[in-house]
2 protein chains.
Amino acid sequence: MTNQNNHTSALHEKDGVQQPESISKASIAQITKLRRKQPTADDLVNGILEGNKTMLSRAITLIESTNANHLEKANKVIADCLPHANKSVRIGITGVPGVGKSTFIEAFGKHLTEKGHKVAVLAVDPSSSLSHGSILGDKTRMEELVKDENAYIRPSASGDTLGGVARKTRESIILCEACGFDVIIIETVGVGQSETAVHSMVDFFLLLKIAGAGDELQGIKRGIMEMADLIVINKADGDNIKKAKLAKTEFNRALHLFPAKNSGWQPKVTTCSAITKDGIDDVWKITSDYFNLAKSNNYFEAKRAEQNRYWLTETINEQLKNSFYSQEGIAPLLKQYQEAVQNHELSPFIAAQTLLKKYFENLER
Amino acid sequence: MTNQNNHTSALHEKDGVQQPESISKASIAQITKLRRKQPTADDLVNGILEGNKTMLSRAITLIESTNANHLEKANKVIADCLPHANKSVRIGITGVPGVGKSTFIEAFGKHLTEKGHKVAVLAVDPSSSLSHGSILGDKTRMEELVKDENAYIRPSASGDTLGGVARKTRESIILCEACGFDVIIIETVGVGQSETAVHSMVDFFLLLKIAGAGDELQGIKRGIMEMADLIVINKADGDNIKKAKLAKTEFNRALHLFPAKNSGWQPKVTTCSAITKDGIDDVWKITSDYFNLAKSNNYFEAKRAEQNRYWLTETINEQLKNSFYSQEGIAPLLKQYQEAVQNHELSPFIAAQTLLKKYFENLER
């Protein structure tokens, strides 16, 4: 265009006005910012260490992701948070639906934040992935606690297996601790195997009950009773107080039938009302008594070390199984062999050997 | 010799007497027989199906062998016996040392052979490989039964793991059944995990107790109580009768606290004396009542099918673990990672992932 003036042909065209760019720069900046919004592992770790709950949530979402590409990043976040974790107490709380678990955790959590603690509430509920109704999913059930800046509430991870959910929860504990939360509450439903998983990731196990009609021991899962460091009989208010006290006596008697715990702790029973708040302070007093004992006799630290070893082994065993059962072609073959052993046509051991031979051959390919 | 008279030379030699062969034919036959003594799989199967206890013993020894070359032959024997098995009742008997387990089994077993049954007694005792003292190793403890031609007594297989011992016992059951034994008794010690293994291979589980001083419920492993279809209070003789009856009442009360069994069977308590034989017939009567119920409501067959599926899964899972933990180089690495997770230097999940990566890489090589 520099020699434009030298040509006077009829074909000469006037310079047009400068057109605006087809995409506004402001929009580009906006989009770039949004695209960049995915924080790096370092961003997440720094945020967590500063006590930023948004960053904590995003990091937990990363841990929960089933996208294989997220695994490495999640692992880096966990590894970097690990040296800053481990300075909390971890309390497991279980109880069947109807005992008032949410109301209790809200009252208990508020009591703790008022005393200057920072409280994180996580959940292990393997059923949530199926029912889409996590026990902590409806956050409105803990209205007060959810608004408390010293509290953090996170519903259960969803996952196909309890093992998967448990793993994610246990990694989330590390992040919550690195984020400054010094009381970690792990909630679970009072049914199935999830209690065992929760029991193996907490320092203290609390079983929530209500005074029922008739025989107090009827229908209780003994395995869960045996795990409990403290049984709290909730809804001890109004007409219920007398019944709750009776239940306390019965549970106390039942607890004495169990062998002594390695911690040297004699499990306790107490009553409370999450509505009137009566007895909530006792729950924390007893819990603190336990931690004083367990820390002074070194059981606390020994148990955490043992739990770490347990999770190492559990993870290995679970992933070995996953590798086998998810290998292409194994499922239909397994089904076929299961039917054969069920009908006594094939010994289970010979069937297993044949399937394993197939699996290892496929691996080597 | 016919032309002897025609030669009169001095060089003539008299015919000597026929010398015996340098190796006696009888010895050759004997040695050949001995060499051939290692029976083929078919020999074993035929022997077993004919009810030959020597062949049964040899086949069980083959199953118990840790020599990899024996595996194929053992598998063939089991596969060929399988169609002829499964026509027995399988009874698990447990009780801590001191309750008189051997004396009880002898009295119970004799009672059964007198009624025309053929009784095989096997044992699951994973400790026997370490202590070299199997619970059934000292056969003289069942002097009468061991001489009974309708009884077969076999001490516990030895093995490094409970899983290994359990597998061998379960395969031995198949052979015993094919050999015509219609009552299979599996004895185990009243401690540890072996009860669970035995429970998953029998139709009926019998817990042997004695009346103790003090609280009858004290120190009982609830898991084992919960498995029991029948609690037999032994040594109910002389001065003990009153105490045994009291214990019976207490156990009955305790049993009612457990949830109902899928079999529809309400667990029973009875007393007996293996010395005076009082009550031994009741034990068999109750056991038979159970089998009548379980067979009529199809629970018996459903449970066996479920057990077969269980053993298929268990064997797969156990062998997957064996493959990992026994891989060269894994053990020292595992130890190193265990220490790291124990000291909170490494997340158990990251440690597990690293170890598994190594394992699978080695497999593919």
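In this predicted model, A:K76 and A:D42 form a salt bridge, with their closest N and O atoms 3.7 Å apart. The two partners come from distant parts of the chain: A:K76 sits in helix α4 (residues 70–81) of chain A and A:D42 in helix α2 (residues 41–49) of chain A, 34 residues apart. How accessible is A:K76? Its relative accessibility is 39%, so A:K76 counts as partly exposed. A:D42 likewise counts as partly exposed, because its relative accessibility is 42%.

**More charged pairs**

Side chains of opposite charge can pair when their charged atoms come close. Another example is A:D148, which forms a salt bridge with A:K110; here the closest N and O atoms are 3.2 Å apart. This pair, too, links distant parts of the chain, with A:D148 in the loop between α7 (143–147) and β3 (151–153) of chain A, and A:K110 in helix α5 (residues 101–114) of chain A, 38 residues apart. Is A:D148 buried or exposed? A:D148 has a relative accessible area of 11%, so it is buried.

B:K76 forms a salt bridge with B:D80, and the closest N and O atoms are 2.9 Å apart. Because B:K76 and B:D80 are four residues apart in helix α4 of chain B, about one helical turn separates them. B:K76 is partly exposed at 38% relative accessibility, and B:D80 is partly exposed as well, with a relative accessible area of 27%.

| Salt bridge | Closest N and O atoms |
|---|---|
| A:K76 with A:D42 | 3.7 Å |
| A:D148 with A:K110 | 3.2 Å |
| B:K76 with B:D80 | 2.9 Å |

Over all chains, the count comes to 22 salt bridges.

**Where the chains meet**

How many salt bridges cross the interface of chain B and chain A? The answer is zero. Polar contacts do cross the interface of chain B and chain A: twelve residue pairs are found, with both residues at pLDDT 80 or more. On the side of chain B that touches chain A, the elements giving two or more residues are α4 (69–81), α8 (162–178), α13 (299–325), α14 (330–342) and α15 (348–364) of chain B. Which of them gives the largest share? That is α13(B), with 17 residues. Sorted by class, the side of chain B that touches chain A holds 28 nonpolar, 16 polar and eleven charged residues.

In total, 55 residues from chain B and 55 residues from chain A take part in the contact. The area buried between the two chains is about 5,000 Å², and carbon and sulfur atoms give 67% of that area.

**How the copies are related**

Two copies of a chain are related by a rotation about an axis and a shift along it.

The secondary structure of chain A comes to 15 helices and seven strands. Of its 365 residues, 49% count as buried. Among the contacts in chain A with a separation of 6 or more, 74% are between residues 24 or more positions apart.

B:S200 lies in the loop between α9 (194–199) and β5 (204–210) of chain B, and at 11% relative accessibility B:S200 counts as buried. Which residues does B:S200 contact, leaving aside its neighbours within four places in sequence? They are B:R170, B:Q307, B:Y310 and B:W311.

A:T276 is found in the loop between β7 (268–271) and α12 (280–296) of chain A. At 40% relative accessibility, A:T276 counts as partly exposed. A:T276 and A:G238 are 38 residues apart in sequence, and their C-alpha atoms are 9.7 Å apart in space.

Notes:
Residues are numbered from 1 along each chain as its sequence is written. Chains are lettered from A and ligands numbered from 1 in the order in which they are written. This is a predicted model: local features need pLDDT of at least 70, side-chain atom pairs count only at pLDDT 80 or more; totals for chains, interfaces and linings use all residues. Side-chain values use heavy atoms; hydrogens and water are left out. Contact means heavy atoms within 4.5 Å. Buried area is the accessible area (1.4 Å probe) that two parts lose on being put together, summed over both. A salt bridge is a side-chain nitrogen of Lys or Arg within 4 Å of a carboxyl oxygen of Asp or Glu. A polar contact is a pair of N or O atoms within 3.5 Å; within protein, one must be able to donate a hydrogen and the other to accept it, and residues adjacent in sequence count only if both atoms are side-chain atoms. Ala, Val, Leu, Ile, Met, Phe, Trp, Tyr, Cys and Pro count as nonpolar, Asp, Glu, Lys and Arg as charged, and the others, Gly among them, as polar. Buried means under 20% relative accessible area, exposed over 50%, partly exposed in between (1.4 Å probe, protein chains only).
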